[in-house]
Amino acid sequence: MQQDTPFNPRMEPRLRDALAAAGSADQATAGMGLRMRRIAPGDPLGDVPRLRREVYFHEQGQFGDRSKRVTDGLDVCGTTLAVEKGAQAVATLRLHDFSPLAVQVEYGSLFQIDAFARTWPLAQVAVGTRFAVQADQRSEPVVDRLMEEAYRWAQESRIQFCLLACEPFLHGVFEHYGFREYLPPAILPGGVDLLRMVLVLDDEPHLSECGSPLLHLVRDPARAMPAKAWLTRSFNVAG
């Protein structure tokens with residue numbers, strides 16, 4: 001399902017009109033000669049490994065002496081999104097839900113997934129990893145398009161919570177889309193801080209408050225209410 005959801009009729013008219021005037025990231029990226037591709041689990045990743053390598057190693061110098069592999073076994077069971085220009089990937093994000101054991105082993109401790117598992121099916125909790133955007137394509141329409149597709153994937157998969165960990169310099173980017181910290185930063189070996197953030201799907205009041213470009217994709221605000229209340233109780237996240 002790729003089409004946008006109609007605006008919620010209960011939405012404030014001024015906000016609804018502003019969103020309608022802003023248009024869709026689909027249209028903006030199409031005008032830039034870009035298209036969105038969703039790579040199913042197990043399908044070839046195309047140019048995505050090249051983009052990961054360029055951003056993680058050549059640009060950011062990540063991982064130091066650690067392995068410089070840009071693909072792993074989790075690529076086989078994850079959905080990878082790519083914004084493409086011709087045959088070249090310019091933005092990418094990998095998505096998993098937590099039902100596969102391999103995902104639990106790799107990311108469960110970092111995100112304290114056991115706390116979620118006591119109340120929520122792990123198929124309703126997802127994690128976004130391997131985020132990368134080519135340096136000359138770091139514009140709002142490109143990232144908006146990537147995040148909109150991630151949100152659609154989450155809705156289609158009946159995801160309730162989407163988690164991610166990012167370095168502090170990306171905090172403002174993900175906060176803009178509606179993510180917020182739910183745990184203290186994780187300190188990795190080498191002193192690297194990772195912020196642990198969560199997005200509650202269809203949390204209309206919060207997406208509206210932060211001016212998220214994802215607001216127009218909200219389908220069922222009532223579904224978010226128990227999830228938001230649980231998150232507040234469990235992790236002391238502001239409502």
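## Two residues with positive phi

Q112 sits in the loop that runs between helix α4 (101–107) and helix α5 (113–117). In this predicted model, Q112 has a positive phi of about 50°, although it is not a glycine. With a relative accessibility of 37%, Q112 counts as partly exposed, because that category covers values between 20% and 50%.

R130, which is likewise not a glycine, has a positive phi of about 55°, and R130 belongs to strand β4.

## The surroundings of V83

V83 is placed in strand β2, which spans residues 79–85, and V83 is buried, since its relative accessible area is 0%. Although V83 and R35 are 48 residues apart in sequence, their C-alpha atoms are 5.7 Å apart in space. Leaving aside residues up to four places away in sequence, V83 touches L34, R35, M36, Q88, A89, V90, A91, V142 and L146.

In soluble globular proteins, nonpolar side chains tend to be buried together. The largest nonpolar core here has 36 residues, and the members that touch the most others are V83, L146, M147, Y151, F174 and F179. At least two residues of this core come from each of β2, β3 (88–97), β4 (125–133), α6 (140–156), β5 (161–166), α7 (171–177) and β8 (192–200). Which element supplies the largest share of this core? That element is α6, with eight residues.

A second, separate core consists of 24 residues, among them Y107, F161, V198 and V237. As for Y151, a member of the largest core, this residue touches L199, L201, D202, L207, L214, L217 and V218, when residues up to four places away in sequence are not counted.

Terms used. Residues numbered from 1 in each chain as written. Predicted model: local features only at pLDDT ≥ 70, side-chain atom pairs only at ≥ 80, totals over all residues. Heavy atoms only, no water. Helix = DSSP H or I, 4+ residues; strand = E, 2+ residues; numbered from the N terminus. Buried < 20%, exposed > 50% of the residue type's maximum accessible area, 1.4 Å probe, protein only. Contact = heavy atoms within 4.5 Å. Core = buried A, V, L, I, M, F, W, Y, C linked by side-chain atoms within 4.5 Å.
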